[in-house]
Number of protein chains: 2
Amino acid sequence: MSTTDLSTLYRGYIACLNEQNWPTLGTFVHEDVHYNDKRIGLSGYREMLERDFRQIPDLHFNIQLLVAGSHLIASRLNFDCTPQGTFLDLPVNGKKVRFTENVFYQWRDGKIEQVWSVIDKAAVEAQL
Amino acid sequence: MSTTDLSTLYRGYIACLNEQNWPTLGTFVHEDVHYNDKRIGLSGYREMLERDFRQIPDLHFNIQLLVAGSHLIASRLNFDCTPQGTFLDLPVNGKKVRFTENVFYQWRDGKIEQVWSVIDKAAVEAQL
């Protein structure tokens, strides 16, 4: 797939998350998806995202940087939101925090099959 | 610059770090470089790296994933090393730890002018 097509597909995936359009998630995410080297599968992936939105009602994914290869996308995501209770093992308890996530996605047959994510926990800690 | 040329340049930069070849650092890093949105300049960048190697004598940068655009590179780096004392505000004290860093580099005129890095602090915590 061209890098432009893959970028367009990725923006569609992010729109799907922001709309919490879970029935469409399987259009973008492989049945056998792995997250940080662990197989969680499409259903586990959806559960993870649904949990994220329960924990962070105003969660919104904003793409700051995007680099696409033929099968790999790297994205820097910005978040400006208010996690309830404990988030990343930190007592955020509804405080507004800003943080970023640098994340890689490996694609196969037009779907995400591997995700390697690092969330900036230190930035959240520094705001508490 | 082509994405292949930029990838080659980036691998040269990583080799420079692993050799601790500080006199050559300015070949790869802009005089006015910013790190996580803060201007630290080439001298500040070199000091940061020298400090890293003092704190982690067996520090070695391993590229796991690499995506190059025309002016942007994203890289996932693997580390398997033994930080002395406190590292990322954690009492590592010479324990062997494995962790990753997902990092973006913006290039201008063949040099790195912006770095946006997230290190997986939670992974280090989980090993202590």
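**Fold and chain contacts in a predicted two-chain model**

In chain A, residues 24 or more positions apart account for 51% of the contacts with a separation of 6 or more, two residues being in contact if their C-beta atoms, placed from the backbone, lie within 7 Å. The model is predicted, so that local features need pLDDT of at least 70 and side-chain atom pairs count only at pLDDT 80 or more, whereas totals for chains, interfaces and linings use all residues. Residues are numbered from 1 along each chain as its sequence is written, while chains are lettered from A and ligands numbered from 1 in the order in which they are written.

Chain A has four helices and eight strands, where helices (H or I, at least four residues) and strands (E, at least two) are DSSP runs numbered from the N terminus. Read along the sequence, these elements follow the pattern α-α-β-β-α-β-β-β-β-β-β-α. Along its principal axes, the C-alpha trace of chain A spans about 45 × 25 × 25 Å.

Six strands of chain A form an open sheet with mixed pairing, in the order S2-S1-S8-S7-S4-S3; two strands pair if DSSP finds at least two bridges between them. In general, strands of a sheet pair through backbone hydrogen bonds, either parallel or antiparallel. Strand S2 (38-39) and strand S3 (62-68) of chain A stand at the edges, each with a single partner strand, so one side of each is left without a neighbour in the sheet. S3(A) pairs with strand S4 (72-81) of chain A in the antiparallel sense over six bridges, and Ala68(A) stands opposite Ile73(A) in S4(A). Helix H1 (3-18) of chain A packs on the sheet, touching S3, S4, S7 and S8 of chain A, and its direction makes about 155 degrees with that of S3(A); axes are lines fitted to C-alpha atoms, for helices over the stretch in contact, and angles run from 0 to 180 degrees between N-to-C directions. Helix H3 (41-55) of chain A lies across S1 and S2 of chain A, running at about 65 degrees to S1(A).

Of the 128 residues of chain A, 30% count as buried, meaning that 20 or more other C-beta atoms lie within 10 Å of the residue's own, with 12 or fewer for exposed and values in between for partly exposed. Beyond its neighbours within four places in sequence, Ile73(A) is in contact with residues including Leu6(A), Tyr10(A) and Trp107(A).

Between the chains, 16 residues of chain B are in contact with 16 residues of chain A. The largest share of the side of chain B that touches chain A, four residues, comes from S7(B). The residues of this side divide into ten nonpolar, three polar and three charged, where Ala, Val, Leu, Ile, Met, Phe, Trp, Tyr, Cys and Pro count as nonpolar, Asp, Glu, Lys and Arg as charged, and the others, Gly among them, as polar.
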